[in-house]
Amino acid sequence: MRRASGFSIVKGCSFTCRGPAKTRRKRWRSRRRFRVGSSCAASRRRGASWSTWSFRGLAFADSQFLLPPEGFSDPQADASLGAAIEADGARHIIFENCDFARTGNYVLWFRHGCHDARVTHCQLHEMSAGGVKIGETTVPKTEAGQTDHITIENNIIQGGGRNFNGSIGVWVGHSGDNAIMHNDIGDFYYSAVSLGWVWGFKPSLAVRNRVEWNHLHHLGWGVLSDLGAVYTLGPAEGTVVSHNRVHDIACYSYGGWGLYPDEGSTGILLEDNLVYRTESGGFHQHYGKENVVRNNIFAFAREMQLRHSRVEDHLAFTFEGNIVLWDEGKLLGHTDPAWQGTQVKLARNLYWRTDGKDYEFAGKSRAAWLATGQDAGSVFADPRLVDPENGDFDLPADSPAFQIGFKPFDYGKAGVEGDEAWRKLAAARVYPRMDFSPLSLDPPPLQLHEGFEYSKPGPNFHILRMQNGGRADAAVVTDEIASQGKQCLKITDGPDLKPAFNPHFFYQPRHRMGFTRFAFDLRVEAAAEVSLEWRNSTGTPYQTGPALRVKDGALTAGGRRIMEFPALQWVHLEMEEQLGGHSPGTWTLK
């Protein structure tokens, strides 16, 4: 990965600032080295830590990320991206009352061997990637190299992932004892907070983290899938997720969750959270161990309210004392067996569906479900929340929720705190309520262009899939002759190629509906035979749509001779068809 041109790369350095302290913000623009105007000097001491320094009232803006020639791709969270400001060996560092804008990758990264740092009362916005990274994707070799006790508190982190859509508001890798509190994190295309970097039950350093009193909202935007406002991975004993207000989460195809303990999440307490208007569900545990979900309000998820995905041979989680309110979708998903037996424990919950339909629990009626011993002490009644459709989830004194021992919590305190101007700034951007309905406009057409201009000569292909019958020179990219540009695909048949239809190649655009157009240039020798079919990829016998053939100097389609096909000349052909239920059953050849 090529490092961004950022504000600082800090590795074992100490900094001495000689300028006068001022409360006004001083703007730092993109530089290769660390600068504070002309009044800051840096000295390097290899292997040493740098500590007890504060950066207050500063504005950081306009760093860049130079895309390497091979491009950039990251499977999750853009975790391999660097940051505009990176710290190694930092202790007791404070960023306070600072402004960060237009960064080319992540904003801050407390990477290796950092302890007791704090980011507070800062605004992070207009981010190409994510906000703050804590720790690494691998376990440090020494205890001194571990990063821990980082506090991200009372910050506005909004408008991220603009170029790197998978980036996170606050990402924590192999790092423990961190606090993410009283932040406003919103307007990302992926998760707001991500904890841990272990898929499964192997040891993890991401333990005893606290995610409390945050306002996490407007996430996903229908761009990415499999995300959550709070997303966790691996063992996380002692981690607490509480007093967060979570709402308006939409996904592309699946997985727009509120609270999401993913693979191996263990030992987490999720308590006193308000989660509403999520596309896929308020709570989803993929698989994990001994988590506790207690005294939360889950409301108005679209597809399902709660999900457990994997059948496990241990207690996956306890779900007790919660209010679940919904007007559409299922109560429990994904598979019915994942909710049965002793792998989950549900008790003393309040369920209320406003659409008046019957209750169903993992394929069972309410009576059959209760007969299994689950949900002992639960209540099925209107909690009489003040105005939940418009975000008021306060409980009146006579609410039946108190029968299950529910303890009201002040969700209004979630988010930033302090003076009125700071709180108004966090609420200044007005976001629309998430619309989970299908888009009313047709998506833009998929355009696939294969001109072979970017392939090296030889058997090198980017998009198509080739079967050459075991002979590499049967299909090659060549610059011998081309109809356009400098290169083309050359196919050479022979009696030694088996089966007889080799060599052959294909594309898989996976079109099922809409209008499809396929255009290409073809040049053949006099004795050549060429067949082309639009067909499905599975099934016996397979189904064929538009098809044409060149043989004995003629082009045929549908059993009819269309035209003489000249040898050793390029001919342009276009095939068009309407797919799906509106297809007239005919296609066009030009």
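The model is predicted, so local features are reported only at pLDDT of at least 70 and side-chain atom pairs only at pLDDT 80 or more, while totals for chains, interfaces and linings use all residues. Residues are numbered from 1 along each chain as its sequence is written, and side-chain values use heavy atoms, with hydrogens and water left out.

The mean pLDDT of the protein chain is 86, where pLDDT is the predictor's confidence in each residue, from 0 to 100. A value of 70 or more is reached by 88% of the residues. Residues 1-48 stay under 50 in pLDDT. For that stretch the model has 113 contacts beyond four places in sequence; a contact means heavy atoms within 4.5 Å.

The protein chain holds 2 helices and 53 strands. Both are DSSP runs numbered from the N terminus: helices are H or I with at least four residues, strands are E with at least two. Of the 590 residues, 51% count as buried. Buried means under 20% relative accessible area, exposed means over 50%, and partly exposed lies in between (1.4 Å probe, protein chains only). The accessible surface comes to about 28400 Å², computed by the Shrake-Rupley method with a 1.4 Å probe; for residues, only the protein chains shown count as cover. Carbon and sulfur atoms account for 50% of that surface. Among contacts between residues at least 6 apart in sequence, 73% join residues at least 24 apart.

The largest nonpolar core has 85 residues. Such a core is a set of buried Ala, Val, Leu, Ile, Met, Phe, Trp, Tyr and Cys residues joined through side-chain atoms within 4.5 Å. Phe95, Phe100, Phe110, Leu306, Phe319, Trp339 and Tyr351 touch the most other members. Strand S10 gives the most to this core, with 5 residues. A second, separate core of 18 residues includes Leu274, Tyr276, Leu385 and Tyr411. Leucine 306, in the largest core, is in contact with Phe283, Phe298, Phe319, Val324, Leu331, Leu332, Gly333 and Trp339, leaving aside neighbours within four places in sequence.

S10 has parallel pairing with strand S7 (residues 83-88) over 5 bridges. Two strands count as paired if DSSP finds at least two bridges between them. S10 also runs parallel to strand S13 (residues 132-134), joined by 3 bridges. Tryptophan 109 of S10 stands opposite glutamate 86 and opposite lysine 133 in S13.

Two aspartates in loops have positive phi. Aspartate 78 lies in the loop between strand S6 (58-61) and S7. Its phi is near 50 degrees, a positive value in a residue other than glycine. Aspartate 78 is buried, with a relative accessible area of 6%. Aspartate 116 is found in the loop between S10 and strand S11 (118-120). Its phi is about 55 degrees, although this residue is not a glycine. Aspartate 116 counts as partly exposed, at 36% relative accessibility.

Glycine 234 occupies the loop between strand S24 (227-232) and strand S25 (235-242). Its relative accessibility is 0%, so glycine 234 counts as buried. It touches Val198, Gly200, Glu263, Gly264, Ser265 and Thr266, not counting residues up to four places away in sequence. Serine 204 is 30 residues from glycine 234 in sequence and 6.6 Å away in space, C-alpha to C-alpha.

Two open sheets are described next. Strands of a sheet pair through backbone hydrogen bonds, either parallel or antiparallel. An open sheet of 4 strands has the order S48-S49-S50-S51, with antiparallel pairing. Strand S48 (530-535) and strand S51 (560-564) each have a single partner strand, so one side of each is left without a neighbour in the sheet. The twist averages 20 degrees from one strand to the next. Axes are lines fitted to C-alpha atoms, for helices over the stretch in contact, and angles run from 0 to 180 degrees between N-to-C directions. Strand S50 (residues 554-557) is joined to S51 by 4 bridges. Leucine 555 stands opposite methionine 563 in S51.

The other sheet has 3 strands in the order S47-S52-S53, again open and antiparallel. Strand S47 (514-522) and strand S53 (587-589) stand at the edges, each with a single partner strand. Neighbouring strands of this sheet are turned by 10 degrees against each other on average, direction ignored. Strand S52 (residues 571-579) pairs with S53 in the antiparallel sense over 3 bridges. Threonine 588 in S53 is the bridge partner of glutamate 576.
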